[in-house]
Amino acid sequence: MQIITARLTVSENGNVILHRTRRNYEAGSGKKNSVEISSASRRSTIFSTENSTVVYAQIGGTAALPCVVRKFNSGVVSWLRRKQEPPTLLTVGLTTYSADDRFFVEHVRHLQNWGLLIKHVQPSDEGHYECQVSTHPPTSIFIQLKVTEAVAEIIGAPDLHLRAGSVLRLVCALRDSTETPSYVFWFHDRNMINYDIGIKVSPNRTSSILEIQEADQRNSGNYTCTPSNAVPASINVHVLNSTEEENPAAMLHVNCGNTLNTISSTMCAILFPYIFTCYKR
C-alpha cells in the first residue's frame, strides 16, 4: 500500500498550489505532481462581494465597506487595514480590536454581510481594507475607500442681478456628497431665513431651493447656503429698482463695481455702451 501525502503552498500571485507525491503507476508519465488553484476562483466560492470594490464616503460621514460571505464553513471573518506593513488588525468576528472606536462590524445574518463601518470619516481613512476569512489558507478580498469633501454650490454665483418685482430663486447644489444632509440653512447676511414669512425653501437629497416672490431692494445682500455636512456657499444678490434701470450711471455702477471690478473706471466707461446693451437684452 502506498501512502499519498499532500501539502499546500501559496504562490507569489496569491494562488494556492496543491503538492502531492506521485503514485507508482504515475512514475515517468509526465504528469505534474502539483495543481495550482486560482485565488480568483477561491474568492468567488467564498465571497459574493467582488474583489477591488471601490467605496466612496464623505468627510464626517459614515463609510460602509461590504463583505458578503457566500461559503462560510467554520471560518472567522476579520478586517485588516492595509495602510502599512504589517497590516493593522481592526476586527475579528464581531469584536473590535482597534483602539479607534469609530471602527466596528455590522453583521446582517440573513445576508451573510460582515460589513465594516467607519464613523466620522477622516481623510486619513482613505486606502485599502482587507476582509479575510480564516480558511486554509486564509482567503481575502480588498476594498478601496475613497474619501471626498462635500461642497455646496449656488448656481449663478458670485453675483446675481434681477429687477424689482421679479422672483428671486436660488439653487444650492451639493457636489461630492454621499449622504443626505440632515438640514440646509439659508442665511441672508447673518440672519437665518428658512422660516421667515415670504420665504420658501424646498430641500431634496442633492439640492435646496430658496424662492422669494416679488423681490425688492430689501432682499439685496449676501445669501449663504449652509448644509449640515458640506462646505457652505454664498452669492451676492442685487435687486434693481426702476430708478436704477432707467439711470445709466446706476447701471454702470452696479455692473462695473461687481462683475467688472478688475477693469479700471476708464475702461468701464469705454465698455459702457456694450454692457448696457447686453443688460437690456
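The legends below describe close-up views of a predicted model. In this predicted model, local features need pLDDT of at least 70 and side-chain atom pairs count only at pLDDT 80 or more, whereas totals for chains, interfaces and linings use all residues. Residues are numbered from 1 along each chain as its sequence is written, and side-chain values use heavy atoms, with hydrogens and water left out.

**View 1. A six-stranded open sheet with mixed pairing.**
The strands follow the order S4-S12-S11-S6-S7-S8. Strands (E, at least two residues) are DSSP runs, as are helices (H or I, at least four residues), and they are numbered from the N terminus. Two strands are taken to pair if DSSP finds at least two bridges between them. S4 and strand S8 (95-96) are the edge strands, each pairing on one side only. Strands of a sheet pair through backbone hydrogen bonds, either parallel or antiparallel.

**View 2. Pairing of S6 with S11 and S7.**
S6 runs antiparallel to S11, and five bridges join the two. Within this pairing, Ser78 has Gln132 of S11 as its bridge partner. S6 also pairs in the antiparallel sense with strand S7 (residues 88-92), over four bridges. There, the bridge partner of Leu80 is Leu89 in S7. S6 and S7 form a hairpin in which six residues lie between the strands.

**View 3. The hairpin of S7 and S8.**
Two bridges pair S7 with S8 in the antiparallel sense. Thr91 stands opposite Thr96, which belongs to S8. Two residues lie between the strands of this hairpin, and Gly93 in the turn has a positive phi of about 60 degrees.

**View 4. The largest nonpolar core, with 24 residues.**
A nonpolar core is a set of buried Ala, Val, Leu, Ile, Met, Phe, Trp, Tyr and Cys residues joined through side-chain atoms within 4.5 Å. Buried means under 20% relative accessible area, exposed over 50%, and partly exposed in between, using a 1.4 Å probe and protein chains only. The residues with the most contacts inside the largest core are Phe47, Leu65, Trp79, Leu116, Ile118, Tyr129 and Leu145. At least two residues of this core come from each of strands S4 (53-58), S5 (63-65), S6 (77-81), S9 (103-108), S10 (113-118), S11 (127-133) and S12 (139-148). S12 gives the most to this core, supplying four residues. Another core lies apart from it and has 22 residues, among them Ile154, Trp186, Leu210 and Ile212.

Ala63 counts as buried, at 0% relative accessibility. Leaving aside neighbours within four places in sequence, Ala63 is in contact (heavy atoms within 4.5 Å) with Ala57, Leu116, Leu117, Ile118, Val121 and Leu145. The C-alpha atoms of Ala63 and Thr178 are separated by 9.4 Å, although the two residues are 115 residues apart along the chain.

**View 5. The disulfide of Cys67 and Cys131.**
This link is one of two disulfides in the structure, a disulfide being a pair of cysteine sulfur atoms within 2.5 Å. The S to S distance between Cys67 and Cys131 is 1.9 Å. The torsion about their S-S bond is about -75 degrees, so the disulfide is left-handed. Cys67 lies in the loop between S5 and S6 and Cys131 in strand S11, so the pair ties together parts that are 64 residues apart in sequence. Cys67 is buried, with a relative accessible area of 0%, and Cys131 is likewise buried, with a relative accessible area of 0%.

**View 6. The disulfide of Cys172 and Cys225.**
The sulfur atoms of Cys172 and Cys225 are 2.0 Å apart. The link is left-handed, with -80 degrees about the S-S bond. It joins distant parts of the chain, 53 residues apart: Cys172 is in strand S15 (residues 168-175) and Cys225 in strand S20. Both cysteines, Cys172 and Cys225, are buried.

**View 7. Strand S20 and the strands that pair with it, S16 and S21.**
S20 (residues 221-227) is mostly covered, with five of its seven residues buried. Strand S16 (residues 184-188) runs antiparallel to S20 and is joined to it by five bridges. In this pairing, Phe185 stands opposite Thr226 of S20. Five bridges also join S20 to strand S21 (residues 233-240), and these two run antiparallel. Ser234 in S21 is the bridge partner of Thr224. S20 and S21 form a hairpin with five residues between them.
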